[in-house]
Amino acid sequence: MPRALRPFSSAQYRRLVVALSASLLSAGAWIVAAAWQVIELGGTPIDLSIVAVGASLGLVLAVLVGGVVADRVPQRRILLVIETARAVVFAVAGLLAAAGLIEVWHLAVLSFVLGVADGFFYPAYSAWLPALLPAEQLLAANGVEGVLRPVAQNAAGPALASLLIAVQAPWLAFLVVGALQVVAIVALAVMRTTPLRRDLEESEAHPLRQMAVDLRDGFAYLLRTRWLFATLAFSILLVLVVIGPIEVLIPFAVRDQTGGGAGEFALVLASFGIGGAIGSLLVSSFRLPRRYLTLMILAWGFGCLPLAVIGVTPWLWVMVVATFVCGFLFDAAQVVWGTLLQRRVPPAMLGRVSSLDFFVSLALMPLSMAIAGPVGEWLGLAPAFLIAGVVPPILAIVTLATARLGQDELAHPLDDGQMDAMQTTGAEAAAGFAPPVDERHAPPDSEQST
């Protein structure tokens with residue numbers, strides 16, 4: 001089979017992809033349906049910021065606990081609970097909207113619950129994937145996710161929501177995506193539960209104390225691992241500058257500058273998704289680049305440049321092209337990042353590190369959402385998008401220059417053809433609960449700098 005399709009030889013993985021597809025489709029539809037519900041209620045960018053902050057705040061508050069749970073509870077059970085909770089949220093939103101009772105604060109609360117669900121979802125998914133597939137298929141699997149996420153969440157989901165909104169109203173979109181969650185629940189229900197990739201010793205300590213110890217060990221690993229710390233420091237600043245304008249201001253740019261509606265907004269999101277899908281597919285079809293850290297940081301930084309034109313163009317097609325380029329570079333780099341974590345992070349630590357990845361890199365996301373609306377109203381859309389496009393490339397160059405990531409990537413090649421045949425990574429490392437030998441770390445009780 002082509003390299004990008006080899007993970008599909010596993011029945012377990014095929015079922016997981018079905019569940020992931022349904023979940024991402026409903027998440028993408030929620031973005032458009034919630035945004036247009038706010039607009040139909042007469043909301044402003046500040047109102048949409050409140051809804052967006054609810055989701056990001058729930059994610060940030062839950063993701064650390066989600067990482068600890070992902071390293072202690074079989075991940076399939078976590079995902080089942082999450083998808084069920086998401087189905088309930090969508091159903092409640094649909095019923096409230098259909099009855100004409102929904103308000104902005106309802107959407108904010110429901111978005112908060114969805115954010116909490118995401119905080120448990122991402123660590124569990126990231127920790128489970130290497131237990132289902134061998135190490136040499138992880139890049140391809142991350143590429144599949146990189147294709148599904150933009151196609152389903154940024155293209156198909158928004159398109160479905162805009163169609164349902166055009167037929168009836170946002171309430172119909174809420175109810176339909178709630179029904180889609182049943183597909184995800186059934187697919188996960190027929191999967192097998194896999195053993196945890198961690199030896200859990202009996203302890204008389206209180207569960208909260210055990211959780212605190214787990215979090216301490218995760219933070220210690222983050223602080224002593226230079227490539228991880230530098231990348232997340234870059235990410236937290238990138239998110240502060242970029243996420244707010246993308247999530248909050250693009251709907252108003254589409255409406256005010258092009259005269260478009262929900263369909264045009266969905267088209268802009270779909271372009272981001274299509275670009276991301278193509279970028280993910282290309283990266284997953286080849287071996288990891290030798291300069292994987294350098295190219296990843298540059299792709300994230302310079303991938304934001306097209307955002308600068310969104311705030312000034314009156315043409316929809318220019319917005320479509322800009323978001324396509326952003327999506328291509330963002331998701332291509334994300335495939336590399338996901339594989340990097342799964343190959344260089346010890347298996348027993350992967351859930352916590354994945355959660356720290358989301359927590360640290362998204363810690364300022366609520367602030368970004370909160371200030372995007374006021375900035376868009378006070379300064380205007382053009383300055384807000386100009387900042388979002390110009391600052392990230394500068395951050396990328398500074399990160400590479402100060403963190404010496406080029407030396408690290410040369411010392412730790414991830415290309416299968418460049419790795420020693422005796423190296424232990426991915427699922428093979430999981431069999432013995434040992435850290436990959438290309439990145440040696442002392443156990444938590446005797447932590448040493450690498």
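**Helices side by side**

Modeller: Helix α10 packs against helix α11 (residues 316-344) at an angle of about 145°, and their axes are 8 Å apart. Helices are DSSP runs of H or I with at least four residues, strands are runs of E with at least two, and both are numbered from the N terminus.

Biologist: Before we go on, what kind of model is this, and how are residues numbered?

Modeller: It is a predicted model, so local features need pLDDT of at least 70 and side-chain atom pairs count only at pLDDT 80 or more, while totals for chains, interfaces and linings use all residues. Residues are numbered from 1 along each chain as its sequence is written, and side-chain values use heavy atoms, leaving out hydrogens and water.

Biologist: Which handedness does the crossing of α10 and α11 have?

Modeller: The crossing is left-handed, meaning that the near helix is turned anticlockwise from the far one by less than a right angle; clockwise would be right-handed.

Biologist: And which residues make the contact?

Modeller: From α10 they include Tyr-292, Leu-293, Met-296 and Trp-300, and among those from α11 are Leu-329, Phe-330, Trp-337 and Arg-344. Contact means heavy atoms within 4.5 Å. By class, the residues of this contact are twelve nonpolar, one polar and one charged. Nonpolar covers Ala, Val, Leu, Ile, Met, Phe, Trp, Tyr, Cys and Pro; charged covers Asp, Glu, Lys and Arg; the others, Gly among them, are polar.

Biologist: How do the axes of α3 and α6 cross?

Modeller: Helix α3 (residues 75-98) and helix α6 (residues 170-189) have axes that come within 8 Å and cross at roughly 165°. That makes α3 roughly antiparallel to α6. The label applies to angles over 145 degrees; under 35 is roughly parallel, 65 to 115 roughly perpendicular, and the rest oblique. The crossing of α3 and α6 is left-handed, and their contact has 17 nonpolar, four polar and three charged residues.

**Charged pairs**

Biologist: How many salt bridges does the structure hold?

Modeller: Side chains of opposite charge can pair when their charged atoms come close. A salt bridge here is a side-chain nitrogen of Lys or Arg within 4 Å of a carboxyl oxygen of Asp or Glu. The structure holds four. In one of them, Arg-86 meets Glu-83 at 3.3 Å, N to O. These two are three residues apart in helix α3, so about one helical turn separates them.

Biologist: Are Arg-86 and Glu-83 buried or exposed?

Modeller: Both are buried, where buried means under 20% relative accessible area, exposed over 50%, and partly exposed in between, with a 1.4 Å probe and protein chains only.

Biologist: Which parts of the chain does the pair of Arg-291 and Glu-409 link?

Modeller: Arg-291 and Glu-409 form a salt bridge at 3.2 Å, N to O. The partners lie 118 residues apart: Arg-291 is in the loop between α9 (262-284) and α10 (292-302), and Glu-409 is in helix α15 (residues 405-411). Arg-291, at 37% relative accessibility, is partly exposed, whereas Glu-409, at 0%, is buried. There is also a network: salt bridges that share partners join Glu-83, Arg-86 and Asp-118.

**Single residues and the whole**

Biologist: What does Ile-250 touch?

Modeller: Ile-250 sits in helix α8 (residues 226-258) and is buried, with a relative accessible area of 3%. Not counting residues up to four places away in sequence, Ile-250 touches Pro-245, Phe-265, Val-268, Ile-310 and Phe-385. Ile-250 and Phe-265 are 15 residues apart in sequence, and their C-alpha atoms are 7.7 Å apart.

Biologist: How many helices and strands are there in the protein?

Modeller: There are 16 helices and zero strands. Of the 450 residues, 59% are buried. Among contacts between residues at least 6 apart in sequence, 89% join residues at least 24 apart.

Technical notes. Axes fitted to C-alpha atoms, helices over the stretch in contact; angles between N-to-C directions.
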